[in-house]
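Here are my notes on the model you sent over. Have it open while you read, and go through the points in order.

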Amino acid sequence: MTRRIKREIYIHQLKNWPRFSWDHARVSARLVDVRHRQGRLIGRMETLGFPLRAEAVLQTLTEDVIKSSEIEGEALDRDQVRSSIARRLGIDIGGLTPADRDVEGVVEMMLDATQNYEKPLTARRLFDWHASLFPTARSGMSKIKVRAWRDDKKGPMQVVSGAIGKERVHYEAPAAEDLRHEMKRFLDWFEGDSSTDLVFKAGVAHLWFVTIHPFDDGNGRIARAIADMVLARSERSPQRFYSMSAQIRQERKAYYGILEATQKGNLDITNWLEWFLECLGRAFARAETTLEAVLRKARFWEKHAATAFNERQRKIVNQMLNGFEGKLTSSKWAKLAKCSQDTALRDIEDLVRKGVLAKEAAGGRSTSYLLARIT
């Protein structure tokens, strides 16, 4: 954190804060479109049988947890995230990978927000989420306050970029001494307002919370969890078939750009809501890819129902079906399966003979493999 370099006026310093307004004519048409696409996606997913629907939820939540952390520059192990979610939701995925405390904490927060969406949002609940995100009370190498609002002892809460001495301040949050009052107003509105469409409310809540920035760290992830909670309320369902965080991760530069512009603007948040709704619409479109992956996985195992797999083969094939990153080589197989290079090559050649794997056409120093096309 660094001291403010130049004076900026932020929306929380304006006289009428936090009386947000927006151009209803501009955003209403987008809301109608988003609501239609939301209903169509949920309807399509609900036509799936229970196993496929559970797999779709598992994939969506896994992506949501991983991408929300990636936005903040933190990389989580996909297998650990997937296993932690599956165990908590009672979904059978075979062997479970033990999860680290930081993974368990992020999963715990996300599932509490989406599975218990009807429970009121309170300061205590937010403190619990924060403690889940930072089980060691550290962010990287820094000690932080947990289960409490920040105190600004190290200076004002600022979002900065650039080298030391050439920092650019993107945003400065309200002073710590105002946080109790600011958060009370936010939470009173969150549970008391019933006039705002819940999809709109998700966008407003996200902006409002991240503008207050009440914690030493984790504000972005908690803001996105709050938005997911409101979207779950809008659908009256704990089942998640799309990931707003995954879409925001893909549009990270635009996300931070519109946040900064809004926080340095006035209380008319039309542009923010337009972007939020458009991003949500693209998240629905992205969910179609998740659905195709789930159906592809179902077709794969249906086709190979009579094919014999050993434990290593089943594990690696499932990883490939769940979104394997990079190319599969015998060396990578050996590392993932914790076996020798010779054993890995025998496993692979066996699956090639059975028509499960195929060699990639491209040459190179190492032969790579992919799943054979399902017809």
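1. A word on burial before anything else: buried means under 20% relative accessible area, exposed means over 50%, and partly exposed is in between, with a 1.4 Å probe and protein chains only.

2. Some housekeeping. This is a predicted model, so local features need pLDDT of at least 70 and side-chain atom pairs count only at pLDDT 80 or more, while totals for chains, interfaces and linings use all residues. Residues are numbered from 1 along each chain as its sequence is written, and side-chain values use heavy atoms, with hydrogens and water left out. Helices (H or I, at least four residues) and strands (E, at least two) are DSSP runs, numbered from the N terminus.

3. Now α10 itself. The helix covers residues 252-263, twelve residues, and reaches 17 Å from first C-alpha to last, close to the 16 Å expected at 1.5 Å a residue. The expected span is 1.5 Å times one less than the number of residues. Which residues of α10 are buried? They are Y255, I258, L259, E260, T262 and Q263. Their cover includes α2 (50-71), β4 (168-172), α7 (198-212), α8 (219-235), α9 (244-250) and α11 (270-303).

4. Look at T262 for a moment. T262 sits in α10 and is buried, with a relative accessible area of 7%. Leaving out residues up to four places away in sequence, T262 touches I11, L207, I269 and W272; contact here means heavy atoms within 4.5 Å.

5. How do α7 and α10 pack? Their axes are 11 Å apart, at an angle of about 75°. That makes α7 roughly perpendicular to α10, a label that covers 65 to 115 degrees, with angles under 35 counted as roughly parallel, over 145 as roughly antiparallel and the rest as oblique. The axes are lines fitted to C-alpha atoms, for helices over the stretch in contact, and angles run from 0 to 180 degrees between N-to-C directions. From α7, the residues H206, L207, V210 and T211 meet Y255, L259, T262 and Q263 of α10. The contact divides into four nonpolar residues, four polar and no charged. For that count, Ala, Val, Leu, Ile, Met, Phe, Trp, Tyr, Cys and Pro are nonpolar, Asp, Glu, Lys and Arg are charged, and the others, Gly among them, are polar.

6. On to the inside. A nonpolar core is a set of buried Ala, Val, Leu, Ile, Met, Phe, Trp, Tyr and Cys residues joined through side-chain atoms within 4.5 Å. The largest one has 86 residues, and F20, L126, W129, F186, I226 and W272 touch the most other members. Helix α11 gives the largest share of this core, eleven residues. A second, separate core has 19 residues, including F309, L321, W333 and L371.

7. F20 deserves a click. Not counting residues up to four places away in sequence, F20 touches I11, V204, L207, W208, L267 and I269.

8. The segment before α1 (24-46) holds N16, which is partly exposed at a relative accessible area of 40%. N16 and N266 are 250 residues apart in sequence, yet 9.7 Å apart in space, C-alpha to C-alpha. P18 is in the segment before α1 too, and the peptide bond from W17 to P18 is cis, with omega near 0°.

9. Next, α1. Its 23 residues should span 33 Å at 1.5 Å a residue, and the end C-alpha atoms are 32 Å apart, which agrees. The buried residues are V27, L31, V34, Q38, L41, I42 and M45, and they pack against α2, α7, α8 and α11.

10. Two backbone spots to check. D152, in the loop between β2 (142-143) and β3 (158-161), has a phi near 60°, a positive value in a residue other than glycine. R236, in the loop between α8 and α9, also has a positive phi, about 50°, although it is not a glycine. D152 counts as partly exposed at 21% relative accessibility, and R236 counts as exposed at 73%.

11. Last, is D347 buried or exposed? D347 is buried, with a relative accessible area of 5%. It lies in helix α14 (residues 341-353) and, leaving aside neighbours within four places in sequence, is in contact with N310, R312, Q313 and W333.
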